[in-house]
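Hi there,

Here is the two-chain model I promised to pass on. Please have a look at it first, and then read my notes below.

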Amino acid sequence: MTVMEQRGAYRPTPPPAWQPRTDPAPLLPDAEPYRVLGTKAADRADPELLRTLYARLVHGRRYNAQATALTKQGRLAVYPSSTGQEACEIAAALVLQEQDWLFPSYRDTLAVVARGVDPVEALTLLRGDWHTGYDPHEHRVAPLSTPLATQLPHAVGLAHAARIKGDDVVALAMVGDGGTSEGDFHEALNFAAVWQAPVVFLVQNNGFAISVPLDKQTAAPSLAHKAVGYGMPGRLVDGNDAAAVHEVLSDAVRHARAGGGPTLVEAITYRVDAHTNADDATRYRGDAEVETWRRHDPIELLERELTERGLLDEDGIRSAREDAETMAADLRARMNQDPVLDPMDLFAHVYAEPTPHLREQRAQLQAELEAEAESEGTHR
Amino acid sequence: MTTVAVRPATMAQALTRALRDAMAADESVHVMGEDVGTLGGVFRVTDGLAREFGEERCTDTPLAEAGILGTAVGMAMYGLRPVVEMQFDAFAYPAFEQLVSHVARMRNRTRGAMPLPLTIRVPYGGGIGGVEHHSDSSEAYYMATPGLHVVTPATVADAYGLLRAAIASDDPVVFLEPKRLYWSKDSWNPEDPTPVEPIGRAVVRRSGRSATLITYGPSVVVCMEAAEAARAEGWELEVVDLRSLVPFDDETVCASVRRTGRAVVVHESGSFAGPGGEIAARVTERCFHHLEAPVLRVAGFDVPYPPPMLERHHLPGVDRILDAVGRLQWEAES
């Protein structure tokens, strides 16, 4: 058979009809970040919710200030402040129900405390007396995650497992703008969408990954647009508008709870403080930029809305501040006590049972401690 | 009472049976990974599990190892007992951060509040003619990570018993499956599977008084052959199969070395900063006065894993093992 004869037997036909697997249009974020405060939408906001948000934000800011002060006194090894981002931190905790789970990143101590974790236990990692100071099951708060975006697949897996067990649980996972460049961000969103897991991803776009601005981080139209690539809705919200963040996250949580799958929320905010107390932000940004954001402050926005509508007066403001001072004084007093350390704890929880190898090392440390105690006794 | 014949079975079949029995015994056991569902895994170890237990319990995941292990962490946090398959040794590296930064330390960082009962199955090692990135011996990375158990079977019965133990463990276990032994057979009764083997105990596979070969996984059969061949040289070699690299069974290993006075560690992994260095140090520290010669290592060369047409020069073989045994300062005895 000739080549031409062989070819004669082969009849090209068009491939199976192609169509998009999901209609991308409803997944796209709005052109502008969603706002409530100072807009018509504020009229339908629940006054009680606004007052609660206000008190919690004032509280949160004071917590950040107190924790930063504790670093200067040597009581904390380091503190990554979320000053300027309190609206995101507080709303993330408030939109969850009791049985839901929060997966914080290292900057999200405020959200952890707002979820009910003891303010001192929430600082254990940063004080350095252990890694996680609270039992994650008690308030359904995962450990503060230092490796970027690695907590996101955990949130997906937990939400997926809860759904397998038939439990009504939503997981809300927090990450920063820098974290969206990590592979685990991509993998978590992809798994969540494929499994239609009840997860909400909250990206706090605070402008910087330590010193690197967003335009060196991504060429995407917005971080919320990334959602479309995974087949989940992306939502853009003004991260300093507590009422807006609360509403967008509430919608996303409700959507997940109803079986609608995951949502990616990008909250546009700003890290007013340096990355941590050990960072010098003047090396990579100007005062004018910081000042612009200070004029779009989450607490001021809320205070203005509440006072203009007669929902908050001088007494209310004073009372919120006094409550925050009480919390700060208590935190200060408790943090000024030296933590009780037991060096033998190093070996207690590596495995369910220490391996023979670790039992030997434990004995070595025990002997060292005894020798140390003995020599201290001798010198006394 | 009916007597069931003990039939030859493959290691792959024993592993499948272990997964199936574990899933039947405990509905919190979930198998997940690439191609583990419909296909039954590229080595067919998960064959039939999706059919029997449903795709929710034997799940084809997206192709992303960090995502597979990361979501398994979340599932374990919620009380499931995931068994993750990493398709090949070198394909497990994307999951390394999840393994080191979370899997290995979640119990520790939460003071025991959040243990992770996770099994990570990793087909490993060479000898199957695999092209690049299909034949790594990655155990040293796992052994160097506190918080993980590292287990590897060398027999069909151990494949069953150790995998059941790994899945039952409340600690994360890296379960290394020697690829070239998947199709190896020995007599094992699938109707009456071996009881679950405790993790952390080595076993003497062959007794001898001349020298001890300390080995594990794919190198056990090679050492058994070497021990047989050594008889012609007048050596009776003892073969210790470690089975568990973490926890390490110093007791069984040192008891053997104290009897024989000589030891060679054999593995496919490279020798530089490999498992053999740790084992030689442990034996020397504990058995120095019983040793007639330095502990020697027979290992893969410290080169990237070779292409299939050259791998036979890389893998520890009988001759290389016997050469090492010959260098154990026998002249001192004569």
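Predicted model: local features only at pLDDT ≥ 70, side-chain atom pairs only at ≥ 80, totals over all residues.

Residues are numbered from 1 along each chain as its sequence is written, while chains are lettered from A and ligands numbered from 1 in the order in which they are written.

The bridge partner of B:Glu85 in β5(B) is B:Arg121. Strand β4 (residues 81-85) and strand β5 (residues 119-124) of chain B run parallel and pair over three bridges. (Strands are DSSP runs of E with at least two residues, helices are runs of H or I with at least four residues, and both are numbered from the N terminus; two strands pair if DSSP finds at least two bridges between them.)

These two strands belong to an open sheet of seven strands in chain B, in the order β3-β2-β4-β5-β7-β6-β12 and with mixed pairing. At its edges stand β3 (58-60) and β12 (244-246) of chain B; each has a single partner strand, so one side of each is left without a neighbour in the sheet. From one strand to the next, the twist averages 20° (axes are lines fitted to C-alpha atoms, for helices over the stretch in contact, and angles run from 0 to 180 degrees between N-to-C directions).

Chain B has another open sheet, with five strands in the order β9-β11-β10-β13-β14 and again mixed pairing. Its edge strands are β9 (203-206) and β14 of chain B, each pairing on one side only. Neighbouring strands here are turned by 25° against each other on average, direction ignored.

On one hand, β13(B) runs parallel to strand β10 (residues 211-215) of chain B, joined by four bridges. Within that pairing, B:Thr212 has B:Ala263 as its bridge partner, and B:Thr215 has B:Val266. On the other hand, β13(B) pairs with strand β14 (residues 296-300) of chain B, also in the parallel sense and over four bridges.

Moving up a level, chain B is divided into domain 1 (8-188) and domain 2 (203-328), with bounds that come from an automatic or database domain assignment. The centres of these domains, taken over C-alpha atoms, are separated by 26 Å. Where they meet, 26 residues of domain 1 of chain B are in contact with 23 residues of domain 2 of chain B (contact means that the C-beta atoms, placed from the backbone, lie within 7 Å). By class, the domain 1 side has 12 nonpolar, nine polar and five charged residues (Ala, Val, Leu, Ile, Met, Phe, Trp, Tyr, Cys and Pro count as nonpolar, Asp, Glu, Lys and Arg as charged, and the others, Gly among them, as polar).

As for chain A, it has 14 helices and seven strands, and buried residues make up 48% of its 380 residues. Its C-alpha trace spans about 105 × 65 × 45 Å along the principal axes. Chain A is divided into domain 1 (25-335) and domain 2 (343-379), and their C-alpha centres lie 40 Å apart. In helix α3 (residues 86-94) of chain A, eight of the nine residues are buried, among them A:Glu86, A:Cys88 and A:Ile90.

Finally, the two chains meet: 33 residues of chain A are in contact with 35 residues of chain B. On the chain A side, α7(A) gives the most, with 10 residues. That side has 18 nonpolar, 12 polar and three charged residues.

Best wishes

How values were computed. Buried ≥ 20, exposed ≤ 12 C-beta atoms within 10 Å, placed from the backbone.
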